[in-house]
Amino acid sequence: MAITEVAVYAHLRPADVEALGLELDAIRRDIVAQRGARDAAYIRRTIALQRGLDGTSRVVIALGRGAVCWALGTAGLAVAKIIENMELGHNICHGQWDWMNDPEIHSGTWEWDMAGLSSQWRYAHNFRHHVYTNVLGMDDDIGFGVMRVTRDQPWRPRLLLQPFQNLLLAAVFEWGIALHDLYSERDRVATPRGKAAETRAFVKKIGRQVGKDYVLFPALSGRRWRRTLAANAAANTARNLWAYVVIFCGHFPDGAEKFDPAVVEAESKAEWYLRQMLGTANFDAGPMLAFLSGNLCYQIEHHLFPDLPSNRYAEMSHRVRALCDEYDLPYTTGPLLRQYLLTLRTILKLALPDSFLTATSDDAPETASEKKFHGHDARGDGRSGSSELGATGRRGLRSALRALAAQSRPGRRRKAERRSFEQVDLPVPTRKPAVARGVHRATG
């Protein structure tokens, strides 16, 4: 099943976990002390760039001639929508720029260019997802209620259609997120009147979005309304596909672990930090790709410090990776295509009943628990623990996983068995041996 003891799974002593938390607190304090005019200029430049690109692209679509102008305008509009959604809307609504005290660039006032309401998203995402990251039954973002992404989730016959549901969700991702946030907000509201008010606000937001992209701008184009309508639909679809890829690659590739609800009982801040590091994944990106992803290529850093400015994640990543080396922890990252293919593999195979799957929910690539180490000689010398040392002499999860993988290779296992039996002058067996709490609330 899912991880029930995070420190045990990470192969860290309680003192190591607390020390790790103190080092991450130091990173946070440093960034808070440094943020200032450079960061404010960055977000204001980004807003100006996005609005300029949006306006220019719409003019090219409406007034340009031929397919080339339409394609260029549509591509520019798609990029403008991506920037607004990823680097502006998502990060501003996290409160990353609230310290500026600018009423326009504030989590409480920003309404993004998406179907869902920012206010509903803030509760579903900032609280339920970021506080309870990958905790089964508490984080609704695990599969967004429609996808099976861990073997801890029971199989249902409808999941045979999961590969097709995945394609549909990718194409209409903003609408899936909007409904997901509405349901989350309705769960939070106690009274029927409050639930109805949230639904009315949701419907009004949809009306504004549909009216803007599919009525107002096409109408302003006169006889060329079809051209504008098609461009807006294409740009929205491109934005949806990109947001889907970025979000899924940060949460569902191999190495992004899932957790039992027991882990949040009396969870300390340091343990919360560790859970974020184990439950998220990055993908490799240069400056441009990072910008277009809203710097969510640094998903680990984002989950550690969700309310710190996104333009700081790149520099924070060096320090976080160094801490992973120091405490012998995995720093889960890889090329974007690889991370997505791992995610897609999980989506496709978990559409099948468990009887068709070979691994268990304790040792599958996409799902693991501390039980995967039970019955394994992690050092190779008859004692428990990992076979290698981290940078500071600590033995942690990274070394334990390497040792486990080495022992799982049949050739190496048989060789080890042969050596052990030769030492006591016994015949080598021909059969393989059986292998055998308050919650810390994240800022932002």
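Modeller: Let us begin with the rule that a salt bridge is a side-chain nitrogen of Lys or Arg within 4 Å of a carboxyl oxygen of Asp or Glu. This is a predicted model, in which local features need pLDDT of at least 70 and side-chain atom pairs count only at pLDDT 80 or more, whereas totals for chains, interfaces and linings use all residues. Residues are numbered from 1 along each chain as its sequence is written, and side-chain values use heavy atoms, with hydrogens and water left out.

Biologist: How many salt bridges does a search of the whole structure find?

Modeller: Side chains of opposite charge can pair when their charged atoms come close. The search over the whole structure returns 26 salt bridges. In one of them, Arg128 pairs with Asp140, and the closest N and O atoms are 2.9 Å apart. This pair links distant parts of the chain, since Arg128 belongs to helix H5 and Asp140 to the loop between H5 and H6, 12 residues apart; helices here are DSSP runs (H or I, at least four residues; strands are E, at least two), numbered from the N terminus.

Biologist: Is Arg128 buried or exposed?

Modeller: The scale is relative accessible area, with buried meaning under 20%, exposed over 50% and partly exposed in between (1.4 Å probe, protein chains only). Arg128, at 15% relative accessibility, therefore counts as buried, while Asp140, at 26%, counts as partly exposed.

Biologist: Which parts of the chain does the pair of Lys212 and Asp113 tie together?

Modeller: The side chains of Lys212 and Asp113 meet in a salt bridge with an N to O distance of 3.1 Å. Because Lys212 lies in helix H8 (residues 192-220) and Asp113 in the loop between helix H4 (66-93) and H5, the bridge ties together parts that are 99 residues apart in sequence. Lys212 is partly exposed at 23% relative accessibility, and Asp113 is buried at 12%. Both residues also belong to a network of salt bridges that links Asp54, Arg58, Lys81, Asp113, Lys212 and Asp213.

Biologist: What is the N to O distance where the side chains of Arg13 and Asp16 meet?

Modeller: The distance in that salt bridge is 3.2 Å.

Biologist: Why is the pair of Phe144 and Phe252 edge-to-face?

Modeller: The centres of Phe144 and Phe252 are 6.5 Å apart and their planes stand at 90°, so the pair is edge-to-face. Phe144 sits in the loop between helix H5 (118-131) and helix H6 (162-171), and Phe252 in the loop between helix H9 (225-251) and helix H10 (269-279), so this pair ties together parts 108 residues apart in sequence. Phe144 is buried at 12% relative accessible area, and Phe252 is buried at 2%.

Biologist: Which residue has its charged end over the ring of Phe373?

Modeller: A charge sits over a ring if NZ of Lys or CZ of Arg is within 6 Å of the ring centre and within 35 degrees of the ring normal. Over Phe373 sits the charged end of Lys372, 6.0 Å from the ring centre. Arg188 likewise lies over the face of Tyr123, at 4.5 Å from the ring centre.

Biologist: What is the phi of His11?

Modeller: Most residues other than glycine have a negative phi, and most peptide bonds are trans. His11 is not a glycine, yet its phi is positive, at about 60°. His11 lies in the loop between H1 and helix H2 (14-34) and is partly exposed at 23% relative accessibility. Asp328 also has a positive phi, of about 55°, without being a glycine; Asp328 is placed in the loop between helix H13 (313-326) and H14 and is buried, with a relative accessible area of 1%.

Definitions and conventions:
Phe/Tyr/Trp six-rings, centres within 6.5 Å; stacked < 30°, edge-to-face > 60°.
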